[in-house]
Each structure stands twice: as C-alpha cells, then as structure tokens.
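I opened this notebook to record what I looked up in one structure.

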Amino acid sequence: LSSSKDDNKQNNDAPVLVDSVSHVKDVACSSAQPVQSIPIPLKPFSRKGDKGHRSSSRFQSKDVNTLATDILVVQTNNANGGGDEPRLCLFRAGSIHVVDFALPKSMMQSQTFQGFHCVGLENAVGNRVDIKLVKADDTSQTKIVRSEITLVVHASPVAETALCAVESALGTDGDEGSATLPLLIRADCIRLLQQMWSSDKDGDVPSGVEDIAWYTLTVILLKLLLLGYLGCR
C-alpha cells in the first residue's frame with residue numbers, strides 16, 4: 001500500500017506534456033507575454049444569405065469584440081534597422097511584425113522615469129501587461145508600470161468597423177502577405193491618429209473634420225491606392 005501511494009503521488013505531480021511544438025521564428029528578446037490588442041478578422045461576406053442577399057449581421061455579432069492573441073516582446077536588438085535600445089514589439093502568429101509600442105514621452109522624460117528603459121514584461125491579462133523598467137546607470141533601481149496595449153480605434157466606431165472590413169477582405173486566406181497588409185494599415189492609422197492628437201499645429205486637421213480617426217484612415221487608404229497606381233504605371 002505504501003508503494004501504491006508513492007506511485008499515485010508521483011503521477012499526480014507529473015507535468016502535463018505539450019501536445020505539439022513547432023518552430024516559427026527566432027526573435028532576440030529578453031521577455032515576452034501574450035496580449036489581446038487587435039480584433040480577430042471576421043470571415044468574408046458570403047455571396048448570398050438565406051434570402052438571396054449579402055448579410056451584414058456579422059458586424060453586430062459578438063465576434064466583432066473578439067480579440068486575437070498576439071505576442072508582445074522586449075526585443076534586445078533592432079532586427080529591422082539597427083539600434084541598441086530595447087523595444088516593445090508586437091508580433092502576430094510569432095512571425096509577422098505588426099508595430100512597435102513606446103511608453104509616453106511625457107512620462108519617460110519626467111524626473112521619475114528619466115534614464116529608465118524597458119527590460120521585461122509580466123502578468124499579461126487581456127490587453128494589459130506589467131512593463132518592468134530599469135535605470136540604465138543603476139540596475140538596482142526598478143519600476144513596474146501597468147500598461148494598456150491596444151490597436152483598437154475606440155475613438156471612432158466608424159473607423160474601427162471600416163478597419164475590420166478591410167481585415168476581413170484581405171487577411172483571411174491564410175497567406176502571410178495578405179495577413180500583414182491589413183495589420184500595417186491598422187498600425188499606420190493608429191500612429192497617424194496619435195500624431196495628430198499630440199500635434200500643436202491646427203493645420204494638421206482640415207477644417208470641418210469631425211471624426212479625426214476616420215480622416216486618418218482615409219489618408220492611409222488613399223496613399224496606399226496612390227502607391228498601387230504609381231506602381232502599375
């Protein structure tokens with residue numbers, strides 16, 4: 001009986017084995033955490049619905065609010081152009097580099113955080129993660145800030161719905177190239193929107209524009225179409 005109990009205890013403490021492991025991409029990083037910051041692309045419109053016409057009910061379904069799980073890493077070297085400063089990089093499916101994140105300049109240039117840089121990530125839940133900071137000239141000084149990592153256009157439901165439509169049309173066939181373009185469009189839209197919000201120049205936004213997020217999306221799409229037109233000439 002004693003032997004049987006020991007065997008049962010040993011079996012209960014044994015780890016559960018991973019079903020499968022596949023190598024995707026090597027990324028030099030000091031830390032990584034899963035984050036949910038981008039909606040999952042919706043399935044494309046079916047050609048015909050139950051009544052013989054296309055249905056748009058999917059945009060009112062719960063799937064619209066379902067976020068994909070991506071990987072946020074502290075990249076220790078800049079594989080996309082050099083530089084020694086650690087960066088916060090978001091990857092889709094482990095291989096598609098979506099965008100880099102940065103903590104607000106106003107915070108990092110303040111007396112409290114001046115001289116600190118990111119070294120690690122911890123305790124990710126949804127789109128929130130703890131970012132560990134260390135002072136460059138004194139590694140014994142550390143700080144942890146709880147941050148929200150998101151590429152959702154909360155300021156404009158119209159722009160967000162349009163981005164979901166673009167992602168649904170371009171990024172659902174399983175090809176990495178087609179999946180990358182809509183993600184870059186979303187990232188560029190958020191980046192331009194933040195620049196316009198932080199700019200002190202009134203001329204950056206044309207007069208009469210009420211939805212700045214929608215305006216930034218149209219700018220990105222028009223420039224993309226222009227590049228495609230010039231490339232075809």
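Predicted model: local features only at pLDDT ≥ 70, side-chain atom pairs only at ≥ 80, totals over all residues.

I take helices (H or I, at least four residues) and strands (E, at least two) as DSSP runs, numbered from the N terminus. Residues are numbered from 1 along each chain as its sequence is written, and side-chain values use heavy atoms, with hydrogens and water left out.

Entry 1, Asn123. I placed Asn123 in strand 5 (residues 116-125). Its phi is positive, about 55°, although Asn123 is not a glycine. I count residues as buried under 20% relative accessible area, exposed over 50% and partly exposed in between, using a 1.4 Å probe and protein chains only. Because its relative accessible area is 49%, Asn123 is partly exposed. For contacts I require heavy atoms within 4.5 Å. Not counting residues up to four places away in sequence, I found that Asn123 touches Gln33, Arg128, Val129, Asp130 and Arg146. Gln33 lies 90 residues from Asn123 along the chain, yet their C-alpha atoms are separated by 7.9 Å.

I located Ser37 in strand 1 (residues 29-39). Ser37 counts as buried because its relative accessibility is 0%. Leaving aside neighbours within four places in sequence, I listed its contacts as Ala68, Asp70, Leu90, Ile149, Thr150, Leu151 and Val152.

I counted five helices and seven strands. Along the sequence they follow the pattern α-β-β-β-β-α-β-β-β-α-α-α. Of the 233 residues in the chain, 31% are buried. Among contacts between residues at least 6 apart in sequence, 54% join residues at least 24 apart.

An α-helix has 3.6 residues a turn, so residues three or four places apart point the same way.

On a 1 Å grid over the protein atoms alone, I define a pocket as an open set of points where a 1.4 Å probe fits, with protein on both sides within 12 Å along at least five of seven lines; lining residues have an atom within 4 Å of a point. The largest pocket holds about 910 Å³ of space, the volume being that filled by probe spheres set on the points. Its lining has 26 residues, and Phe101, Ala102, Pro104, Ile190 and Gln194 lie nearest the centre. Strand 4 (96-101), strand 7 (138-148) and helix 4 (176-198) are the elements that give two or more residues to this lining. Helix 4 gives the most, with eight residues.

I define a disulfide as a pair of cysteine sulfur atoms within 2.5 Å. The count is zero disulfides. For Cys29, the nearest cysteine sulfur is that of Cys89, 9.3 Å away. Cys29 is partly exposed because its relative accessibility is 34%, whereas Cys189 is buried, at 0%.
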